[in-house]
Amino acid sequence: MQYKLFTTAIISLCTSFFCWGDTIHLKNGDNLSGKIKLVDDDKVLIETEYSGVITVNSSKIATFSIDESVRIKQGLFSEPQYADAIKTAQDNKIILVKGDQTQTISISDDLTITNDKQSSLVGSDVIVNGSLNAGAYYNKGSSKSEQYSLNGNMTAKYDLWRHGVKAAVFRAKDDQDTSNYYYTTQYDVDRFFTPSFFWQGNVQYKHDWIEDIKTKTSVGTGPGWQVWENELSALSFTGLISYQKIDYRDGNDSVHPLGSVKWNYYQFFAGKSLKFFTTGEIGRSFNNDVDLDLSATAGLAYRLTDWLSINTSLTRDKSTTKDGDSSNTNYNIGVGVNW
C-alpha cells in the first residue's frame, strides 16, 4: 500500500511539474497549474488539465511562472523583450530569466506575453481549427431588401504542411430582383522549409449568377513568407503565378497567366475576446485580358464563448477584364461557430 501511494505521488508530481509546468498564484492563496497560453490586456489565459482554457483577471494574480521561452511587451508601442522562462516573485511582480541574468517587472494591464516559438512547424500532432459564419438582413418599407450569407474556413497543420479550405455563398434581393448571387471556393496547401518560408499551391473557383463574369477558375503556385505567428497575431504574404480561365455570360471565354499577391493578417485584443482580421488577393494578367483581379475581406469578431462569436465583415470582389466586369461589395453581420 505504501509503495502504491508513493508511486501515485511521484506520478502526480511529474504530471504537475513536467506536463503542466506553468503556475498562477492567486492573491487569495489558491494556485492554478497548467500551460499559460497568453497574457494580454489585464487577462491571463491558462490551459488546465481539468477544465480546459481558463481566463483569469490579472488583478486577482499575485505572481506566476512560465517554463518556456516567451516574448514580452510592456506597452503597445514598446520594444519587445525575450526571456528563457519566467519565475515567481513578490508584490505583483514576476522575474524574467535571460540566461544567467534576471529582471523583475510588474504585472500590469499593459503587459503582453506570448509564446516565442513560431507555430508554422507544428510537429507530429495534427492541429485543426476553423469557423462557420452565417448572416442575414431583412428590411421592409416602400421596398423590400433581403440579404443572406454563409461562409466557412478550416485550417489543418501537420508536420511541415498547412492545409486551408474556404467557401462562401452570398445572395441579395431588392423587391423581386436579385442584385447579388454567387459562391466561391478555395483550397491552399503550404509546405514549410523554415518557420517563415513556405511554398504554396492554390486552387480557386467562383460562380456568379448575375455579373458579366459567369465563372472564374484558377490554379497557381508560388512562394510565401510567414512574417510572424503567435498566440496573439499572425501575418503572412504569398506571391502566386496562376493559370486562370474566365467564362463570360455572353458565351465568350479567356485563358491567361495571372500574377497576384495574397495576404492574411489577424490580431486578437482583450485576452482573445476580440479579433480583427483581413485576408485578400490582388493581381492582374501578364497580357491585356485582366487589368484588375481583387478579392478582399476585413472584419471583427467578438467571442461570446469558446465556440460562439458575433461577426461583422466587409467583402469586396472586383474584376476588370477586356470582355466584361464583375463587382460585388457585401456587408455582413451574423453569428459564428468556432473550433
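**Entry 1**

I began with β3 and β4, which form a hairpin with 3 residues between them. This is a predicted model, so I kept that in mind throughout. I counted the links next: β3 and β4, residues 52-57, pair in the antiparallel sense over 6 bridges. I looked up one partner in that pairing. K43 has N57 in β4 as its bridge partner.

I then stepped back to β2. β2 and β3 also run antiparallel, and 5 bridges join them. Here I noted that K35 is bridged to E47 in β3. I found that β2 and β3 make a hairpin too, with 2 residues between them.

I stopped at the turn. Which residue there has a positive phi? D41 does, at about 55°, although D41 is not a glycine. I placed D41 in the loop between β2 and β3. Is D41 buried or exposed, or partly exposed? I read a relative accessible area of 33%, so D41 is partly exposed.

I looked for another case and found A270. A270 is not a glycine, and its phi is positive, near 55°. I located A270 in the loop between β19 (253-269) and β20 (274-285).

**Entry 1**

I turned to the inside. Nonpolar side chains tend to be buried together in soluble globular proteins.

Leaving aside neighbours within four places in sequence, I24 is in contact with several residues, including L32, I36, V44, I46 and F64. D30, N31 and T63 are also among the contacts of I24.

**Entry 1: a sheet and a barrel**

I traced an open sheet of 3 strands in the order β8-β9-β10, with antiparallel pairing. Which strands are at the edge? They are β8 (85-88) and β10 (101-106), and each pairs on one side only. Neighbouring strands of this sheet are turned by 30° against each other on average, direction ignored. I counted 6 bridges between β9 and β10. I also saw that L96 stands opposite Q103 in β10.

I moved on to the barrel. How many strands does the closed barrel have? I counted 12, running from β12 through to β23 with antiparallel pairing. The twist averages 20° from one strand to the next. I checked β22 (residues 308-321) against β23 (residues 325-338): 13 bridges join them, and they run antiparallel. L308 has V337 in β23 as its bridge partner.

**Entry 2: aromatic rings**

I looked up the ring pairs and found 9 in the structure. I took F170 and Y182 first. Their ring centres are 6.1 Å apart and their planes are at 35°, so the pair is tilted. F170 lies in β14 (residues 161-174) and Y182 in β15 (residues 177-192), so the pair ties together parts that are 12 residues apart in sequence. I noted that F170 and Y182 are buried.

F193 and F197 came next. I read 5.9 Å centre to centre and 35° between the planes, and this pair is tilted as well. F197 has a relative accessible area of 28%, so I wrote it down as partly exposed. I also found a cluster: ring pairs link Y181, Y183, Y205 and W209.

**Entry 3: confidence**

I ended with pLDDT. The chain has a mean of 88, and 91% of its residues reach 70 or more. Which element has the lowest mean pLDDT? I found helix α1 (residues 2-19) at 44, while strand β16 (residues 197-208) has the highest, at 97. Over residues 1-19 the pLDDT is below 50. Beyond near neighbours in sequence, this stretch has 5 contacts in the model. Where pLDDT is low, the predicted coordinates should not be read in detail.

Key. Residues numbered from 1 in each chain as written. Predicted model: local features only at pLDDT ≥ 70, side-chain atom pairs only at ≥ 80, totals over all residues. Heavy atoms only, no water. Contact = heavy atoms within 4.5 Å. Helix = DSSP H or I, 4+ residues; strand = E, 2+ residues; numbered from the N terminus. Buried < 20%, exposed > 50% of the residue type's maximum accessible area, 1.4 Å probe, protein only. Pairing = 2+ DSSP bridges. Axes fitted to C-alpha atoms, helices over the stretch in contact; angles between N-to-C directions. pLDDT = per-residue confidence, 0-100. Phe/Tyr/Trp six-rings, centres within 6.5 Å; stacked < 30°, edge-to-face > 60°.
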